[in-house]
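Please look over the sequence and the model shown here before reading the notes below.

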Amino acid sequence: MKRITFLRSAVAATAVGGSSLTGLEQALAKVAPLGPLLTKWGGPYGGIPPFDVVKATDIKPGLMKGMELLRAEIKSIVMNPAAPNFENSIASFEDTGRPFGQAQTFFDIYTSTMNDKAMQAVEKEMSPILAALRDEITQNEPLFKRIKAVYDARESSGLTSEQQRLADVHYTRFARRGANLDTEQKARLATINQRLATLFTTFSQNQLADEENLTMVLESEADLAGLSDDLRASAAAAAEAHGKKGQWLLTNTRSSVEPFLTFSTRRDLREKAWRMWTRRGDNPNQHNNKATIGEIVKLRTQRAQLLGYPSHAHWAVADNMAKTPEAAMVLMTKVWKAAVARVHEEVADMQEVADREGARITIEPWDYRFYAEKVRKAKYEIDQDEVKEYLQLDKIRDGMFWAAGQVYGLDFVKLAGVPVYHPDMSVYEVRHDGDRVGLWYFDPYARAGKSSGAWMNEYRTQERFREPTTPIVSNNANFIPGEPGDPVLISWDDAETMFHEFGHALHGLQSNVTYPTLAGTHVKRDFVEFPSQVNERWLSSDEVLSRFALHHKTGKPIPRGLVERIKRAKTFNQGFKTVEYLASAIYDMKLHMMTDPNAVVDADAFETKSMAEIGCPKEVIMRHRPTAFGHIFSGDGYSAGYYVYIWADTMSADVVEAFVEAGSLYDKATCRRLRDTIFSVGNSVPPDVAFRNFRGRDVDTNALMRDRGFPVR
Ligand SMILES: [Zn+2]
């Protein structure tokens, strides 16, 4: 199934993770020392990020100085009197921005995991400056001319296929970002981009404010009805952290609200919690996001039209596998119909339970998770709390390592003494046949200032361009730590998310390309979730469960009968999951297909209208309501791009069928083919070709329908 997460990748066209200083940088460094943020990472394991010496206050000056270095590097490319060729233009450009990229990596890490007030101020100040830098580079005419000259001659100048692809990627980025516009248009574009950067930051900081400031106090034992000891303990801990020792507190985050909606027997409190959660960014306070959304959407339409596209969606999707928003809509509509039909069945099942219990209610959105859980117990005899007893965070992590060992031949060795930015973190060396593949950092626990959800981040990109460089990646999550020494128990969904994010990590780690721009997860948006979704599948393999799903008290493996029931329930609640996701994805696409450049959209009214148009069942709402839909409003990355999860899942479902055909998820030949055609090639091969190299044909979307238990017509 899909997993909704952030995957952070390099922001700037030029910001490549990296290593060596050029002669020019060394000359500059002599004038003014670069400091730890900008100096090539030293130390063991091919160099490691100096979390022990860099301070948060170094980040802004580091970025500013890194920008100056980058400008100087670009100037030297542009001033080269020799005619443009691959080496002196594309390759030299690929080599720029290494110190800047390091500073940006620290900026990304701190703003997503250590975002205190001081850091938020830096983020607010730097976001438009960084956006302006991107436009300054895109709009550098002599630079673009050199890149275009190499691109135009790419097929006749003796380049390797990877070099041709690199020229293509760089040229396309420049062209898509307005390098061909006239001076006046370029100025307008830069103004729009800087304003958008500020609006994105405003949006995400507003969302974070409502998540951190709005909470629900549970005052007495009666308010806790239905909650497990585990949930009570974390509610008590949350209360204490908010200065309400002796009470219980529901924080406004997914990881605390969803379990409450699933288990609380207090319908009135479920509704209250649901309203708090779904109104993030939509409250009558200074953090309301509606005006911000209106301005973002308007500016995006104006920008798209400046760039020659009818709408933002047309611009955003053009460079993806889907190519057009209409193609994405065709897929979503096909799945939508089947999923809505399934929701009606699910609601009927739940209503029956409610009626039988004499509840005298009609199922509402705040009832869905609660009654779905009852149906799950009745129909499949699965109790999520029972499953949780077998899912220990540390053991599941070991299970991920083990599966990656079986599938790809990787070993994970825990390291001591490697600097980290928070004591909760651990670091592993990843090896293949004894050789270092890269490093994996793990930041598992929730804390103030950390983005919610789970994601993968890349600290250093694989390459062997100037010198062989091994990747450094991280996985980040928001688990609640237990008492010291106690195992942290996680849900089945959380375990799947861990495997998912680890799939992104494996995609980054196993990259084997020449140029960092083409490495690992730097692929098309609607391809990037595919390897991570594939990796989820190993969790439910008997081999992993029998070894790593061990009871936290007895150490006994999860009983076979329970595993069988979990597998039988695989498509359970798939109507709800698919509809809440697709409602968001369709909203995103419809909103960004608007073509009126002056319209200021009302985010809520558009939600009501678009949900009515597609016939969204009243019991389900968008997984991310507009005012807290960070994927599409806290940056451009996933805008008109929330569809990518289902697009990618057509490929992952089809790949899993290849394993089924081969007889096992651990079939050696199929595993090797997966690594060689998908996990190692990054964007050095066009994505449709990469898929064909694995499967021997184009993707069959019916595999996805079968996977979700929807009828294939
Ligand atoms: Zn993902």
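## Zinc site

The model is predicted. Its zinc ion is coordinated by His500 and His504, each through NE2, and by Glu529 through OE, at 2.0 to 2.1 Å. Along the sequence these donor residues follow the spacing H-x3-H-x24-E. His504 belongs to helix H18 (residues 492–509) and Glu529 to helix H19 (residues 525–536), so this pair ties together parts that lie 25 residues apart in sequence.

## Strands S7 and S8

S7 pairs with strand S8 (residues 472–479) in the antiparallel sense, over 5 bridges. Within this pairing, Asn457 stands opposite Ser474 in S8.

## Cysteines

The structure holds 0 disulfides. Cys671 is buried, at a relative accessible area of 1%. Cys616 has 17% relative accessibility; because buried means under 20%, Cys616 counts as buried.

## Arg177

Arg177 sits in the loop between helix H7 (161–176) and helix H8 (183–213). Its relative accessibility is 28%, so Arg177 counts as partly exposed. Between Arg177 and Ala583 there are 406 residues in sequence and 29 Å in space, taken C-alpha to C-alpha.

Key. Residues are numbered from 1 along each chain as its sequence is written. This is a predicted model: local features need pLDDT of at least 70, side-chain atom pairs count only at pLDDT 80 or more; totals for chains, interfaces and linings use all residues. Side-chain values use heavy atoms; hydrogens and water are left out. A disulfide is a pair of cysteine sulfur atoms within 2.5 Å. Buried means under 20% relative accessible area, exposed over 50%, partly exposed in between (1.4 Å probe, protein chains only). Two strands pair if DSSP finds at least two bridges between them. Helices (H or I, at least four residues) and strands (E, at least two) are DSSP runs, numbered from the N terminus. Donors are N, O and S atoms within 2.8 Å of the metal (3.2 Å for Na, K and Ca); water is not among the atoms, so sites may look incomplete.
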